[in-house]
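Please keep the sequence and the model at hand while reading.

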Amino acid sequence: MTALTAYGDPLGPRGRRRTLIASVLGGLLLLAIAAFAVDKFADAGQLDGARWEELLSAEGAGAFWRGLQATLKAAGAAVALSVSVGTLMALGRLSENRLLRWAASLYVQLFRALPSLLLILFGFFGLPALGLDVSKYWALVLGLTLYNSAIFAEVIRAGVLSLPRGQTEAAYAVGLTRRQAQRLVVLPQAVSRMLPSLVAQGVVVLKDTSYGFVIGYEELLRTGQFAGETTASLLQAYLIVAVVYIAVCFALSQLARWLEGRSARRYGQAGVSVRGVEDLSTGG
Amino acid sequence: MQLSTITDNLDLYLEGFVGTLQLTALGALGSLVLGTVLATMRVSPVPTLRAGATVYVETLRNCPLPVLAVLLAFGLPKLGEPIRSFSFFTWAVLALALYHAAFVCEALRSGVNAVAPGQGEAARSIGLTFPQTMTLVVLPQAFRTVVPPLGNILIALTKNSAVAATIDVTDITNQTEFVINDTIDPLAALAGAAFFYLLLTLPTGLLVGRLERRTAFSR
């Protein structure tokens, strides 16, 4: 779709002129909004160099860097665990054993219907009550894992179901057992097909690690908050945290998009749609 | 773990339940309005508006909701009056609306794009005007594809409303933290919270699933 069409039809001279005028007016409107915001910040003295200096000094930036490292550490562990548990649950839901299928379905349906914050609180308050004394780090990682393994299970299951049945049949035909067929033929292809969705869900995990500040895990948001409080420039600290998060998540989202284009070329369609997995494109 | 932990604190839970409902309803309303505006901008032929909406969507979609919530609730009041006097509840609703508007925009946009170009061309070729093409041919079809994703966003919004607890706004999660502190029975307290969330998310999920199946045949 090129820019200058009105639903299929190329614009004529009048339409082009109107678009140009609207473009200039729209640009001015957006600039006015931005200028208003900057003006508000300046009025309140929030743009003063002194408010940023300390945060952006070597020491201040070091704190943010440590926070980011802690965030990435928790997100990485949560993704690894979630994919592992999610794969097991996906296989459970596809199993021929009715009990296994039922149990895996219950797990998936229950945990994807709950807020991840609630499950992180379960990691923090609930696990110790069960006699499992975990650190804040593990409380966060396990809480995130409970939620996201349910999502990953749905993604991987959708990937398996999207494969042509001939793949499994061919595997059986060359004498593989059901288990071998799953492990050697079905799962690798399913994961490769669902790679864009898996990366996209990884972004969700990364974003959700910021809930860790509620339980006092020293991730990016928490360290930013602390730095902002000690230097009396809270707003600036939050803005820096937001920019760092947005930059990292944007890069990962672009990676997911690139993978999607690649798998669309490879499988001849725009990715494999995952019915019932809302979180990939809904911000869950 | 005792059932009395839940039953004794039922009033707290109900208060939180109402809070979550309010946050979800207002957040949904706000994100629907803003998301529609953004989607219109993104499919418009006007380059600057398209660019503005794209920047908004990419920024908000990649910003964690808790970060957005504390940035709004604790950061922005530093700008002075009149922003200083906003309540935390207002900030929570704003955070939910601003965040989910990006996703609503994308759902609406892909709904419009999913209508085959031939549909619009056919409408034009039998002499319908542009507004007629949109209202009679394109939008009714776009609406079908858009309802299930919007329903899914509503479910996500319901769950994400728990972010309100991070800025101390009354909702199920926030009340649960009180119950945990009061009763020292976290397992029952959390189970109670889970029950109330499931009360909201499961029926919505079933409804969306049914809509999804019903609209699936259309193309």
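## Helix 2 against helix 7 in chain B

Helix 2 of chain B and helix 7 of chain B are oblique to each other, a word kept here for angles that are not under 35 degrees (roughly parallel), not over 145 (roughly antiparallel) and not 65 to 115 (roughly perpendicular). Helix 2 covers residues 10-43 of chain B, and its packing angle with helix 7 of chain B is about 135 degrees, with the axes 9 Å apart; axes are lines fitted to C-alpha atoms, for helices over the stretch in contact, and angles run from 0 to 180 degrees between N-to-C directions.

On the helix 2 side B:Thr24, B:Gly27 and B:Ala28 meet B:Leu154, B:Leu157 and B:Thr158 of helix 7 of chain B, contact being counted when C-beta atoms, placed from the backbone, lie within 7 Å. These residues divide into 3 nonpolar, 3 polar and no charged, with Ala, Val, Leu, Ile, Met, Phe, Trp, Tyr, Cys and Pro taken as nonpolar, Asp, Glu, Lys and Arg as charged, and the others, Gly among them, as polar.

## Basis of the model and overall fold

The model is a predicted one, in which local features need pLDDT of at least 70 and side-chain atom pairs count only at pLDDT 80 or more, whereas totals for chains, interfaces and linings use all residues. Residues are numbered from 1 along each chain as its sequence is written, while chains are lettered from A and ligands numbered from 1 in the order in which they are written.

Chain B holds 9 helices and 0 strands, these being DSSP runs numbered from the N terminus (helices H or I, at least four residues; strands E, at least two). Along the principal axes, the C-alpha atoms of chain B fill a box of roughly 70 × 45 × 20 Å.

## Two further helix pairs in chain B

Helix 6 of chain B packs on helix 7 of chain B at an angle of about 160 degrees, with the axes 10 Å apart, which makes the two helices roughly antiparallel. Their contact joins B:Gln119, B:Gly120, B:Ala123 and B:Arg124 of helix 6 to B:Thr133, B:Val137, B:Val138 and B:Gln141 of helix 7, and by class it has 3 nonpolar, 4 polar and 1 charged residues.

Helix 3 of chain B and helix 5 of chain B have axes that come within 9 Å and cross at roughly 120 degrees, and they are therefore oblique to each other. The crossing of helix 3 and helix 5 is left-handed. Among the residues in this contact are B:Tyr56 and B:Arg61 of helix 3 and B:Phe103 and B:Glu106 of helix 5, and the whole set divides into 9 nonpolar, no polar and 2 charged.

## The interface between the chains

The contact between the chains takes 57 residues from chain B and 53 residues from chain A. On the side of chain B that touches chain A, helix 9 of chain B gives the largest share, 12 residues, and the residues of that side divide into 33 nonpolar, 16 polar and 8 charged.

## A bent helix in chain A

Helix 8 of chain A (residues 178-208) has 31 residues, yet its end C-alpha atoms are only 37 Å apart, short of the 45 Å that a straight helix would reach at 1.5 Å a residue; that expected span is 1.5 Å times one less than the number of residues. In this helix a kink of about 60 degrees lies at A:Leu195, shortly before the proline A:Pro196, the bend at a residue being the angle between axes fitted to the seven residues ending there and the seven starting there.

Key:
Contact = placed C-beta atoms within 7 Å. Left-handed = near helix turned anticlockwise from the far one by under 90°.
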